[in-house]
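Please keep the sequence and the three-dimensional view at hand while reading.

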Amino acid sequence: LDGVKFSGDAYEIILPTMDGEIGVLPGHMPLISVAERGVISIRRKQNEPDDMMEHFAISGGAIEVSNGNLNVLVD
């Protein structure tokens, strides 16, 4: 399916990269990276338990963190 799968505020987003998984939290430094095949996990609120996280399978793409925003373009 094409289109936006998630748009909104989140406390933590875990992404698969070429160097392993990274976690993006509020205030993360600017970053451009390659997303690897794997799973993106989204924690909407700080104290949200792991079993409430949303998960999206991806086959690769690009990651950009800039000005407090995270943009992920993936297949």
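## Basis of the report

The model is predicted: local features need pLDDT of at least 70, side-chain atom pairs count only at pLDDT 80 or more, and totals for chains, interfaces and linings use all residues. Residues are numbered from 1 along each chain as its sequence is written, and side-chain values use heavy atoms, with hydrogens and water left out.

## Overall form

The protein contains 7 strands and 0 helices, giving the pattern β-β-β-β-β-β-β along the sequence. Strands (E, at least two residues) and helices (H or I, at least four residues) are DSSP runs, numbered from the N terminus. The C-alpha trace spans about 30 × 30 × 25 Å along its principal axes. A compact globule of 75 residues would have a radius of gyration near 11 Å, and the 12 Å of the protein agrees with this. The radius is taken over C-alpha atoms, and the globule rule is 2.2 Å times the number of residues to the power 0.38.

Of the 75 residues, 24% are buried; buried means under 20% relative accessible area, exposed over 50%, and partly exposed in between, with a 1.4 Å probe and protein chains only. Among contacts with a separation of 6 or more, 44% are between residues 24 or more positions apart, where contact means heavy atoms within 4.5 Å.

## Surface and charge

## Strand pairing

Two strands pair if DSSP finds at least two bridges between them. Strand β1 (residues 12-17) pairs with strand β2 (residues 20-24) in the antiparallel sense over 5 bridges, and I13 has V24 in β2 as its bridge partner. These two strands, β1 and β2, form a hairpin with 2 residues between them.

Strand β6 has two partners described here. With β3 (residues 31-35), β6 forms an antiparallel pair over 5 bridges, in which L31 stands opposite V65. With β7, β6 also runs antiparallel, joined by 6 bridges, and A62 stands opposite L73.

N67 lies in the loop between β6 (61-66) and β7 (69-74). N67 is not a glycine, yet has a positive phi of about 50°. At 75% relative accessibility, N67 counts as exposed.

A35, in strand β3, counts as buried because its relative accessibility is 3%. Beyond its neighbours within four places in sequence, A35 is in contact with P16, I58, G60, G61, A62, I63 and V74. The C-alpha atoms of A35 and A62 are separated by 5.3 Å, although the two residues are 27 residues apart along the chain.

E12 belongs to strand β1 and is buried, with a relative accessible area of 16%. Leaving out residues up to four places away in sequence, E12 touches V24, L25, S41, I42 and R43. E12 and L73 are 61 residues apart in sequence, and their C-alpha atoms are 17 Å apart in space.
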